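Here is a short briefing on the model shown below. It takes helix packing, domains and local backbone features in turn.

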Amino acid sequence: MKKFYTMKDFVDMPEANIYESAEQFQKFINQFRDDKSYPYGFVSGTAVSRNMDVLDYYSGNEVNTVSFVSSNYLGLSQHHKVIKAVKNAVEQYGAGTCAAPPIGGYTNIHKELEKKLARLHGKEDAILYTSGYAANIGVFQNLFNKSDMVLVDMFVHASIYDGLKNNTNTKIYKHNDMNYLELVLNREKGKYRNLVIVTDGVFSQDGDLANLPGICTLAEKYGAMVFVDDAHGVGVMGNLGKGTLDYFGVEDRVEIVTGTLSKALGSAGGYAAGSKKLIDYLRLYSRSNTFSASIAPPAVGGASKALDLFEEEPYIIKGLWENTAYLKKRLSDSGFCIGLSESPIVPLMINDDMKAIYAARKLFERGVYVVPATYPAVKLKNSRLRVNVSAMHTLEDLDYFCDTLEEVDRECDLHLRAN
Ligand SMILES: Cc1ncc(COP(=O)(O)O)c(C=O)c1O
């Protein structure tokens with residue numbers, strides 16, 4: 001049988017220099033040629049939205065699609081009030097600040113957005129970063145060192161792993177497994193300067209929620225601190241989109257919450273919220289803040305207005321949940337396996353990398369744009385189509401997706417359904 005390469009095959013080639021590694025990697029790209037199914041980096045001629053005109057990587061033709069690729073859960077990146085706020089910000093503050101926050105790149109609207117984010121999470125203060133990725137690097141790279149022990153849920157986002165890399169002591173615990181976590185806490189308690197538990201609020205590939213009440217209770221029992229990345233919770237979970245901490249009522253039991261402006265807030269950028277003193281410390285000691293120009297004003301203006309809309313137009317969040325319930329019901333009634341998602345992230349489990357990529361291609365050919373999540377986003381053989389629902393999808397969009405999926409499953413003999 002022909003070997004199917006995964007990205008894991010090219011992670012480390014000790015004998016190859018960078019050009020040889022890149023040359024070897026062409027095998028990964030070229031293996032998709034016959035099926036025309038290379039799935040990454042498509043170019044869109046339209047906004048990243050529920051409908052997208054996407055260039056076919058192979059034919060160069062534009063394909064009109066119903067799209068499920070974006071985490072723009074509330075569609076706010078295109079909301080007319082957000083666009084107006086973006087225009088106002090660019091007119092008043094220009095396209096970029098061209099300076100890092102501590103040395104001048106800090107405007108009224110940056111400060112105002114930080115205050116709003118702190119309020120959202122019930123924290124004293126917040127600090128902006130240029131992305132959610134940079135926020136996790138900034139927090140985890142700089143608060144902890146080899147005197148500390150950080151316990152990490154195995155399914156946290158890559159940016160947390162990257163922030164912790166080579167920096168501190170880490171132990172990875174089985175996903176949401178409170179017995180396992182307690183075992184590790186019991187073993188490690190009292191040995192370190194800081195004992196820390198890190199989790200996502202909503203897990204980005206499975207859409208399930210961290211057991212935050214359980215985690216906080218264990219943290220209190222063993223003298224540990226809790227850090228939560230709520231990138232996918234804000235705008236989605238909790239009262240008026242206040243996030244997963246609000247949903248579980250644990251804001252006061254969590255030290256720092258990190259997040260992004262690039263999902264429900266429809267913009268770009270990231271942040272961390274916590275006590276005033278911790279945030280003061282991060283302002284100068286987190287290197288991804290100190291040595292990087294601040295977020296562009298239009299992105300700040302847009303995110304700030306989007307945050308107001310959680311309260312001003314709460315029916316948008318309601319619409320997101322109605323769409324989510326509708327899609328999940330249709331998919332599970334049809335026998336597709338959608339895991340344990342409790343959010344608008346719907347993992348359509350396939351558990352075979354090649355099949356997931358092939359299914360995505362066949363859907364694309366029929367005007368459905370959805371990306372396969374394969375290694376390194378998920379473990380090998382845990383591949384799935386990651387379907388992101390938005391408040392903007394119409395019922396016709398959702399029906400078109402389900403009908404097309406059923407058709408592809410049938411016609412291409414994919415056997416994606418359990419029954
Ligand atoms: C859980 C989680 N944290 C952080 C990030 C990074 O956010 P950003 O896209 O703003 O860098 C993501 C993005 O995919 C995410 O899913």
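Helix α13 (residues 353-365) and helix α14 (residues 395-411) have axes that come within 10 Å and cross at roughly 120°. The model is predicted. The protein is assigned two domains, domain 1 (7-16 + 29-72 + 315-411) and domain 2 (79-312).

**Helix α14 and its partners**

- Two packed helices are described by the angle between their axes and the distance between the axes.
- The crossing of α13 and α14 is right-handed.
- On the α13 side, Ala359, Lys362 and Leu363 make the contact.
- The crossing of α12 and α14 is right-handed.
- From α12, the contact takes Asn323, Tyr326, Leu327, Arg330 and Leu331. From α14, it takes Leu395, Leu398, Asp399, Phe401, Cys402, Asp403, Leu405 and Glu406.
- The contact of α12 with α14 divides into 8 nonpolar, 1 polar and 4 charged residues.

**Helices α4 and α9**

- Helix α4 (residues 132-143) and helix α9 (residues 276-285) have axes that come within 10 Å and cross at roughly 95°.
- That angle lies in the range from 65 to 115 degrees, which makes α4 roughly perpendicular to α9.
- Gly138, Val139, Asn142 and Leu143 of α4 meet Tyr281, Leu282 and Tyr285 of α9.
- The residues of this contact of α4 with α9 are 5 nonpolar and 2 polar, with no charged residue.

**Domain 1 against domain 2**

- How far apart are the C-alpha centres of domain 1 and domain 2? They lie 27 Å apart.
- Domain 1 gives 19 residues to the contact, and domain 2 gives 20 residues.
- About 1500 Å² is buried between domain 1 and domain 2. Carbon and sulfur atoms give 57% of that area.
- Which residues of domain 1 lose the most area to domain 2? They are Ile317, Glu342 and Ile345, together 31% of what that side buries.

**Backbone features in loops**

- Most residues other than glycine have a negative phi, and most peptide bonds are trans.
- The peptide bond from Tyr375 to Pro376 is cis, with omega near 10°.
- Pro376 sits in the loop between β12 (371-373) and β13 (384-388).
- Leu240 is not a glycine, yet has a positive phi of about 50°.
- The loop holding Leu240 runs between β7 (225-229) and α8 (244-248).

**Around Val69**

- Where is Val69 placed? Val69 lies in the loop between β2 (62-67) and α2 (80-93).
- Not counting residues up to four places away in sequence, Val69 touches Val48, Met52, Tyr369, Val370, Val371 and Asn388.
- Val69 and Lys27 are 42 residues apart along the chain, and 26 Å separates their C-alpha atoms.

Terms used: Residues are numbered from 1 along each chain as its sequence is written. This is a predicted model: local features need pLDDT of at least 70, side-chain atom pairs count only at pLDDT 80 or more; totals for chains, interfaces and linings use all residues. Side-chain values use heavy atoms; hydrogens and water are left out. Axes are lines fitted to C-alpha atoms, for helices over the stretch in contact, and angles run from 0 to 180 degrees between N-to-C directions. Helices (H or I, at least four residues) and strands (E, at least two) are DSSP runs, numbered from the N terminus. A crossing is left-handed if the near helix is turned anticlockwise from the far one by less than a right angle, and right-handed if clockwise. Contact means heavy atoms within 4.5 Å. Domain bounds come from an automatic or database domain assignment. Buried area is the accessible area (1.4 Å probe) that two parts lose on being put together, summed over both. Ala, Val, Leu, Ile, Met, Phe, Trp, Tyr, Cys and Pro count as nonpolar, Asp, Glu, Lys and Arg as charged, and the others, Gly among them, as polar. Angles under 35 degrees count as roughly parallel, over 145 as roughly antiparallel, 65 to 115 as roughly perpendicular and the rest as oblique.
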